[in-house]
Amino acid sequence: LEYHDRIEWFEQIKAWQTRFPFHYESSPKNGPMRPQHVIHRLYQEVADRSEDVVITTGVGCHQMWAAQFYRWRHPRTMITSGGAGTMGFGLPAAIGAQLGAPHKIIVDIDGDASFMMTMTELATAAEYNIPVKVLIMNNEFQGMVRQWQDLFYDERHSHTKMVNPDFVKLAEAMHVKGLRASTDAELDQVMPEFINYNDGPVVLDARVLSTEHVYPMVAAGCALDNMTHHPNLRTVDGQ
């Protein structure tokens, strides 16, 4: 195949990125946090060593936010179950990635519902001292399903509310380090400890807003040029 620079195509992409940037509002001062901020804060913590960090995800809103706000740049450093997706993928994938790359930092960015599918694998990580890091977006909802119920079913929430365990106590019961953050200030305090902890697996329970939606999105039956953007997004041309 003949190589082409594709200058016009990349300029078009940059123009779209400038006109429609990823957007989220600030977290409430007293919490809960915006999940997008939690993921961006994770990236800030490891940005200077991102080539040594591998991210895995579960399936759901957190998976989309990870793709948007964790700026991974290196091949095989973002491991996710795309397409229809498999909830519960994140933790087992992180364990496998850690065994395959023992000198790298492995972080499972997970949703509470997705994590609940395979959370017992924490026992495996503890038994074999596999130092995976699990960042749980805890909004006590199955967020992706809730988003559709909010937007298209008049907020009729059917079977999406979660009754979660205390994830810190769950981690400790499995001989795993447990941390928690409910505000941006608390997150700034615990994120360095979360990343630099080297004595085995560690879980960070991040309490986030349950009302956040993933944008942009394409509703069922719509074309790709008919995206729904964040309601508070102001594009560069004011539209």
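A polar contact, for today, is a pair of N or O atoms within 3.5 Å; within protein, one must be able to donate a hydrogen and the other to accept it, and residues adjacent in sequence count only if both atoms are side-chain atoms. With that in hand, hello everyone. What you see is a predicted model, where local features need pLDDT of at least 70, side-chain atom pairs count only at pLDDT 80 or more, and totals for chains, interfaces and linings use all residues. Numbering runs from 1 along each chain as its sequence is written, and side-chain values use heavy atoms, with hydrogens and water left out.

Let's begin with Glu-212, in the segment after strand 6 (202-207); strands here are DSSP runs of E, at least two residues, and helices are runs of H or I, at least four, numbered from the N terminus. Which side chains does Glu-212 join through polar contacts? One is Arg-34, at 2.4 Å, and another is Gln-36, at 2.9 Å. Glu-212 counts as buried because its relative accessibility is 11%, buried meaning under 20% relative accessible area, exposed over 50% and partly exposed in between, with a 1.4 Å probe and protein chains only.

Next, please find Thr-56 in strand 1 (residues 53-57). Thr-56 has 0% relative accessibility, so it is buried too. Its side chain reaches the backbone oxygen of Gly-90 at 2.9 Å. Beyond four places in sequence, Thr-56 is in contact (heavy atoms within 4.5 Å) with residues including Ile-79, Ala-93 and Val-107.

Now for a pair of helices. Two packed helices are described by the angle between their axes and the distance between the axes. The axes of helix 2 (residues 35-46) and helix 9 come within 10 Å and cross at roughly 45°; axes are lines fitted to C-alpha atoms, for helices over the stretch in contact, and angles run from 0 to 180 degrees between N-to-C directions. Helix 2 is therefore oblique to helix 9, since under 35 degrees counts as roughly parallel, over 145 as roughly antiparallel, 65 to 115 as roughly perpendicular and the rest as oblique. Among the residues that meet there are His-37, Val-38 and Leu-42 in helix 2, and Leu-187, Met-191 and Ile-195 in helix 9.

Last stop: Val-190, also in helix 9 (residues 184-196). Is Val-190 buried or exposed? Buried, because its relative accessible area is 12%.
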